[in-house]
Amino acid sequence: MARMTAVEAASGTEAQRVEEAVDAFLAANDPTSMDKVDYRGALYDAGLAWIHFPEGWGGLGVAPTHQKIVEQKTRAAGAPSIDATQFFGLALAGPTVVSHASDELKSRTLRRMFTGEDSWCQLFSEPGAGSDLAGLACKAVRDGDEWIVTGQKVWNTMAHLADKGMLVARTDPDQPKHKGLTYFMVDMHAPGVEVRPLRQITGEAEFNEVYLTEVRIPDADRIGDIGDGWRVSMTTLMNERTSIGGGGGGGPRPAGSGPIAEVVRIWQEELADHQRKPATRDKLMKLWIDAEVLRLTNVRAGQNRKAGNPGPESSIAKLALALVNKDIYEFCVNMLGADGLIGYDFDMRRADAVGLEGPPGSSRKMFLRSRANSIEGGTSEIMKNILGERVLGLPGEPRVDKDVAWKDVPR
């Protein structure tokens, strides 16, 4: 019998510790008889919120790969599902706050974002700073123990529902663009914050533009050091790309699940025998293989990931997801023929709805919605640059403004 390595032994010990912690938690807390906030608060206090976080901050300090143990056991016990509005807090704000914020700010934010008492949004992109995020112009000026923030953000998912925002602003225009940024938590209900919805091609309005007019932010709500906003924002972005590329987390998906299941459903349920042509079947199988390669890549990445915050390799899955999703839903609509052009009746009363599953006829909806996959969370073009430079080690793009003060860069 092969001897167990030290890493495998440590992993086994951690897994056992997590299992025992979950069993003890469920013995004392019945999720089916508790208020959702109380239940999730108790889960946080037990260190089972983000298990790779340090003890005392919702974690146990163990490898994040064991989170699936918590999810599987609590789900089997009848734990309530999370609301879609919690995504930004759980997947992006939480890892950023625990990595860079003060202990005082952690104590005010982490538990509430996990329970769902506070929902979060991301205030990064601007009309003139999307792919070039470091070129953003939203400014924050120090005024005693506060910062006065003025600027415009755009493509802010669920900002109309959020209580808190992850904000990157320029605090020193005399520094090069990457060095003069600072990261803040902003109260989305504060005076001077205005949220305007942006209607999408699907008919929904999950994106927004946000105007900040002399919004006062306490320095206590700063996340990270002054001028260190770029490094802090990388924590947020790497987690965003991992979440998008991995299909939103929740552990490995079984083969044939996700968008590819819609292809199979249409083939089996909506196509007549004479429509199941060999060329169509071959295309279906190619898409199945692409989807399965993406799924297995995410499984392997999850198994290999030892630290809580991922590296730039998460951009691989994010890029692949955008390509595969577009191909899948375009194929769905093509299989439906003329029926693929009609039948998507979006209820405008559901304009606040979020999520990717959609109503009946979701293949038609997702044909439209998947267009955004190559933009949100970093454009596919930027992902290719990241992969080339940080993963493959290729020469970087020429950057003539790298050492120039932001205020002197032509715009």
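Mentor: Let us begin with Thr 202, which is buried, with a relative accessible area of 4%; buried means under 20% relative accessible area, exposed means over 50%, and partly exposed lies in between (1.4 Å probe, protein chains only). Please note that this is a predicted model, in which local features need pLDDT of at least 70 and side-chain atom pairs count only at pLDDT 80 or more, while totals for chains, interfaces and linings use all residues. Residues are numbered from 1 along each chain as its sequence is written, and side-chain values use heavy atoms, with hydrogens and water left out.

Thr 202 belongs to the loop that runs between strand S6 (193-198) and strand S7 (207-218). Helices (H or I, at least four residues) and strands (E, at least two) are DSSP runs, numbered from the N terminus. The side chain of Thr 202 makes a polar contact of 3.2 Å with the side chain of Glu 204. A polar contact is a pair of N or O atoms within 3.5 Å; within protein, one must be able to donate a hydrogen and the other to accept it, and residues adjacent in sequence count only if both atoms are side-chain atoms. Thr 202 also lies 8.3 Å from Met 366, C-alpha to C-alpha, although 164 residues separate the two in sequence.

Glu 204 leads onward, for its side chain forms a salt bridge with that of Lys 365 (3.2 Å, N to O). Lys 365 lies in helix H10 (residues 362-369) and Glu 204 in the loop between S6 and S7, so this pair ties together parts that are 161 residues apart in sequence. A salt bridge is a side-chain nitrogen of Lys or Arg within 4 Å of a carboxyl oxygen of Asp or Glu. Glu 204 is buried at 1% relative accessibility, and Lys 365 is buried at 2%.

The structure holds 29 salt bridges. One of them joins the side chains of Asp 221 and Arg 108 (2.7 Å, N to O). That pair links distant parts of the chain, 113 residues apart: Asp 221 is in the loop between S7 and helix H6 (229-245), and Arg 108 is in helix H5 (residues 103-115). Asp 221 is buried at 10% relative accessibility, whereas Arg 108 is partly exposed at 33%. Another salt bridge joins Arg 295 and Glu 292, with the closest N and O atoms 2.7 Å apart. Both of these residues lie in helix H8 (residues 278-304), three residues apart, about one turn of the helix.

We turn now to the nonpolar residues. A nonpolar core is a set of buried Ala, Val, Leu, Ile, Met, Phe, Trp, Tyr and Cys residues joined through side-chain atoms within 4.5 Å. The largest such core has 45 residues, and Leu 110 and Trp 120 are among those with the most contacts inside it. Leaving aside neighbours within four places in sequence, Leu 110 is in contact (heavy atoms within 4.5 Å) with residues including Tyr 44, Trp 50 and Phe 53.

Trp 120 and Gln 122 point one way from strand S1 (residues 120-123), Cys 121 and Leu 123 point the other way, and all are buried. S1 pairs with S4 in the parallel sense over four bridges; two strands pair if DSSP finds at least two bridges between them. In this pairing, Trp 120 stands opposite Lys 164 in S4.
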